[in-house]
Amino acid sequence: MSIRKISFGFVLGILSRAVDGIVGLVLFPVLLKFMSKDTVGIWILFMSFSYVINLAQAGLGPVIVRLAAEAKANFDFSQTNLLYNTVTRGYLLVVLVVIIITFAIYVFYVGPVLSHHNLSEAGTLSWIMVSMGYILRIYATRNINMINGCGELGWDKLLQIIVTIFSIVFFYIMLQCGFGLTGLGMVFFIASIIYSFGAGTAQQYFVKSSVNWSDQSIKWQSIQVLFKQSAPLLIVNVSAFLVMNTDVFIIERLFGLSVLPFYSALSKVVILIITVSTLIQQMTYPYVAMYWTQHKHELCASIYIKSVLTSVGIGLILSLGAYFLAPFIVPLWLGSGNYLGGHIFGLQLLFGLIYIHHSAHASSVIATGANNFMIPAVINALLSVPLSYLLGKYMGIHGVVLGNILATLVPSIYVVWWSVHFFRLNGSHDCL
């Protein structure tokens, strides 16, 4: 395992999350300074839909990373190039799906909300640019997946840092010039062009694969196989979206757009903690795939244990720090009286820790291709949405989060038990 590359990726991942966190701290008050609470709520909804739109990738990401890692483990450049050509053609279908999804979101959700708040013209133009930005970013993701699969970790994080800094600077300029919601959409689209160009350049440098559109060896059947392997992960991703993000839409339905910025601000902190804590899983994922291909099961188990301990340890430290600092930081950040309280934030952080824990266990297993944990993910989603809505309706905002926690507990326990049992069965008793 390349400790240097993992360390490089982890450090850049931390820096990326730090930059994202600082930008998040700055962005909310900036938006609230130049736009109304309802308009800020609209922009938050636009960004929240990124999770829905990313589902169009159909779980391809982990599959591509695993296949690219296996090709590199076998030192087979022709296999890597064939995979890249297949993936590129597959992502053209993904782009088509993204176009359909963004159109449907506008017609059935965004359009009516914009009309209700008299923001149809500016909001529609902003949504069009945001949609084009999503298309560019998702198509560029195929390059990022190939890079990560080949063990070149962290470069996507560096690219994200550049795009994030660009975005916050030009968000402010656009708002200062009075462009409002339309200006935000324009900046998002330009940032997506930068991201797409950077991802393509990095892929050419590290992977050196190119697209040959006249290559007749790329059959529809090979693309079908790719999607077939990713289908279980698509279901897992859809379930994860429902569990992780529908609270934003439930809050909007039950308590209105004006509450959304302050709830979402706390959610952003939790998501930031989850992202930082699970970075080590992303860094070790391709190496677990490589070593499993080479039948180095003992080494995989060792990586698995270190990944779990590191992820949970980081998550616990960050959560405790965030909880105790929130009463002092949030009023300075969002304004006095806008902190929703420790009882809500504490529940959000508890949910984040539960998610970090079972995600750390599941990641290494998924890298081996042994189990995608589709059934527990579906059960989690089926329970999460109705429980969050019902408890939110009768218990208030904290009931939304509590419903999510209750829905997650049993599936989470199952994932942890299965993961430990799996590595023990594969000759890793000494490590576990």
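**Notebook: cores, patch and a bent helix**

I began with the nonpolar cores. The largest has 99 residues, and W43, F49 and I53 have the most contacts inside it. I then looked up where this core draws its residues from: helix α4, residues 77–116, gives the largest share, twelve residues. I note that this is a predicted model.

I took F49 next. Which residues is F49 in contact with, leaving aside its neighbours within four places in sequence? I found I105, Y109, V110, W127, Y134 and F249.

I also looked for another core. There is a second, separate one of 25 residues, and I noted A289, M290, Y291 and Y304 among its members.

Which residues make the nonpolar surface patch? I listed F8, W155, L158, I162, M186, I190 and I194, with an area of about 520 Å² for the patch. Two helices, α6 (155–176) and α7 (180–206), each supply at least two of the patch residues.

W155 lies in helix α6.

Last, I followed helix α11, residues 297–334. Where does the kink in α11 lie? I placed it at A326, shortly before the proline P327, with a bend of about 65 degrees. Just after α11 I came to G335, which takes a positive phi of about 105 degrees.

How values were computed. Residues are numbered from 1 along each chain as its sequence is written. This is a predicted model: local features need pLDDT of at least 70, side-chain atom pairs count only at pLDDT 80 or more; totals for chains, interfaces and linings use all residues. Side-chain values use heavy atoms; hydrogens and water are left out. A nonpolar core is a set of buried Ala, Val, Leu, Ile, Met, Phe, Trp, Tyr and Cys residues joined through side-chain atoms within 4.5 Å. Buried means under 20% relative accessible area, exposed over 50%, partly exposed in between (1.4 Å probe, protein chains only). Helices (H or I, at least four residues) and strands (E, at least two) are DSSP runs, numbered from the N terminus. Contact means heavy atoms within 4.5 Å. Patches are made of residues with over 30% relative accessible area and no salt bridge: like charges are joined within 9 Å, nonpolar side chains (Val, Leu, Ile, Met, Phe, Trp, Tyr) within 5 Å. Accessible areas come from the Shrake-Rupley method with a 1.4 Å probe; for residues, only the protein chains shown count as cover. A salt bridge is a side-chain nitrogen of Lys or Arg within 4 Å of a carboxyl oxygen of Asp or Glu. The bend at a residue is the angle between axes fitted to the seven residues ending there and the seven starting there.
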